[in-house]
Amino acid sequence: MVTMLPPKVKLMLALREHRMHHVLWHIVRDNWEAEDDDGEPVFSDAEKQSIKDIGWEPPRPSLDKDGFRKENNKSGEDFLFMHRQMILHVNTLLSEIGDTSYPKVVGWTRVPPLNDPEYPVPPVWNSAQDSIKTCKTDDYYSNIMVLRENDFTNPEYLSGLTLGQLGSQLEYRIHNGMHLRWASDPGEERPLVYPSDADTIDTKWDNPSYDYLADPYSSHVNHIFWKLHGWIDDRITDWMRARNITGEVPWSVEWDMNIMPQHGLIHEPHLMAKMDDGTNNIINRMEEVAKIVNKPNLITPFSVIDDGII
Ligand SMILES: [Cu+2]
């Protein structure tokens with residue numbers, strides 16, 4: 001049965017600070033090393049320095065200058081860790097709410113197959129980007145997605161990967177495709193670059209009804225995000241089993257959640273009740289980062305759906 005997120009959770013996730021956090025986290029790490037068609041870096045040295053000064057330098061870039069995955073720099077662990085933090089965050093709020101119909105995040109037990117009655121693939125729309133059109137096809141499921149699912153649940157395959165390789169492969173070889181495949185026509189789409197007469201992302205996109213799965217500003221507001229990320233997160237358990245690892249997840253890198261907000265959650269779930277100076281400071285810093293990254297030629301999050309950009 002499909003259960004929707006309790007309204008209180010959806011409202012929390014729709015807060016601007018959570019939207020900003022998620023979109024910036026993905027944009028900064030995807031584009032840190034990116035170059036445009038003329039071979040110019042997407043972020044200049046000065047811009048990178050500003051982002052560093054604000055505390056938002058990605059610990060490890062996830063893509064190289066050409067948009068290919070960096071599989072061996074442990075950036076994949078960042079992906080798994082940060083999204084696990086998001087799940088823990090939502091679970092904390094869910095346990096406070098105590099709604100028995102939705103006690104905690106539970107991932108898909110398998111990627112929804114063709115014609116799944118509970119999680120049908122929403123229809124394609126005319127203006128959808130090509131990568132969305134591709135991911136929604138039956139062919140994409142049958143020839144790519146289900147094979148990847150088989151790999152990522154196969155102990156033999158998993159045992160040959162490091163945790164960082166697993167995270168990188170999951171993110172770009174199946175997770176991005178899932179975001180696009182289950183996205184619904186948003187009607188109006190948030191422009192990736194806000195207009196020159198604006199100085200930040202329009203607050204109209206903060207409405208809880210904007211929960212478009214193909215935009216990281218809104219994807220986590222959509223209940224399907226939690227099904228697919230639950231599935232991704234469960235692969236860590238499969239991987240540990242395949243490598244005979246018990247106990248804690250053997251993260252090989254350390255995160256300091258206090259000084260590096262990009263790693264984890266920025267707030268307690270009670271955020272709506274208490275906004276203090278610390279919260280405002282975090283939000284202001286994100287607004288600064290949003291200004292720096294507001295430019296064309298960015299690799300847009302979720303657009304890398306294979307080993308390369310479609
Ligand atoms: Cu994400």
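Me: What makes Leu213 a buried residue?

Reply: Buried means a relative accessible area under 20%. Leu213 has 1%, so the label is buried. Leu213 is found in the loop between helix 8 and helix 9. The C-alpha atoms of Leu213 and Gly167, 46 residues apart along the chain, are separated by 20 Å.

Me: Which atoms are called donors of the copper ion, and how do you know?

Reply: The protein donors are the NE2 atoms of His22, His26 and His83, lying 2.0 to 2.1 Å from the copper ion. Water is not among the atoms, so a site may look incomplete. Along the chain the donors follow the spacing H-x3-H-x56-H.

Me: Why can His26 and His83 be said to tie parts of the chain together?

Reply: His26 lies in helix 2 (residues 16-31) and His83 in helix 4 (residues 75-97), so the pair joins parts that are 57 residues apart in sequence. Both His26 and His83 are buried.

Me: What about His22: buried or exposed?

Reply: His22 has 1% relative accessibility, so His22 counts as buried. His22 belongs to helix 2. Not counting residues up to four places away in sequence, His22 touches Met82, His83, Met86, Pro216, Ser219, His220 and Phe225.

Me: Why is helix 2 called mostly covered?

Reply: 16 of the 16 residues of helix 2 are buried. Arg16, which lies in helix 2, has 14% relative accessibility and so counts as buried. Beyond residues up to four places away in sequence, Arg16 touches Thr200, Ile201, Asp202, Thr203, Asp206, Tyr217 and Glu287. The C-alpha atoms of Arg16 and Trp205 are separated by 8.6 Å, although these residues are 189 apart along the chain.

Me: What is there to say about helix 6?

Reply: Helix 6 (residues 138-152) has 15 residues and reaches 20 Å from its first C-alpha to its last, close to the 21 Å expected at 1.5 Å a residue. There is a kink of about 35° in helix 6, centred on Met145. Among the buried residues of helix 6 are Tyr140, Met145 and Phe152. The buried residues of helix 6 pack against helix 5 (130-135), helix 7 (155-159), helix 8 (163-181), helix 9 and strand 1 (304-306).

Me: Which residues touch the most other members of the largest nonpolar core?

Reply: Of its 83 residues, Leu24, Leu166, Ile174, Met178, Trp182, Trp226 and Trp231 do. The largest share of this core, ten residues, comes from helix 9 (residues 223-242). Leaving aside neighbours within four places in sequence, Trp231 is in contact with residues including Trp108, Phe152, Leu170, Ile174 and Met178.

Me: What makes the phi of Asn115 and of Asn297 worth a mention?

Reply: Most residues other than glycine have a negative phi. Phi of Asn115 is near 60°, and phi of Asn297 is near 70°. Asn115 is exposed at 76% relative accessible area, and Asn297 counts as exposed at 54%, because the label needs over 50%.

Me: Where is the pLDDT below 50?

Reply: The mean pLDDT of the chain is 89, with 91% of its residues at 70 or more. Over residues 258-274, however, the pLDDT is below 50, and this stretch has 53 contacts in the model beyond near neighbours in sequence. Where pLDDT is low, the predicted coordinates should not be read in detail.

Definitions and conventions:
Residues numbered from 1 in each chain as written. Predicted model: local features only at pLDDT ≥ 70, side-chain atom pairs only at ≥ 80, totals over all residues. Heavy atoms only, no water. Donors = N, O, S within 2.8 Å, 3.2 Å for Na, K, Ca; no water. Helix = DSSP H or I, 4+ residues; strand = E, 2+ residues; numbered from the N terminus. Buried < 20%, exposed > 50% of the residue type's maximum accessible area, 1.4 Å probe, protein only. Core = buried A, V, L, I, M, F, W, Y, C linked by side-chain atoms within 4.5 Å. Contact = heavy atoms within 4.5 Å. pLDDT = per-residue confidence, 0-100. Expected span 1.5 Å × (residues − 1). Bend = angle between axes of the 7 residues up to and from the residue.
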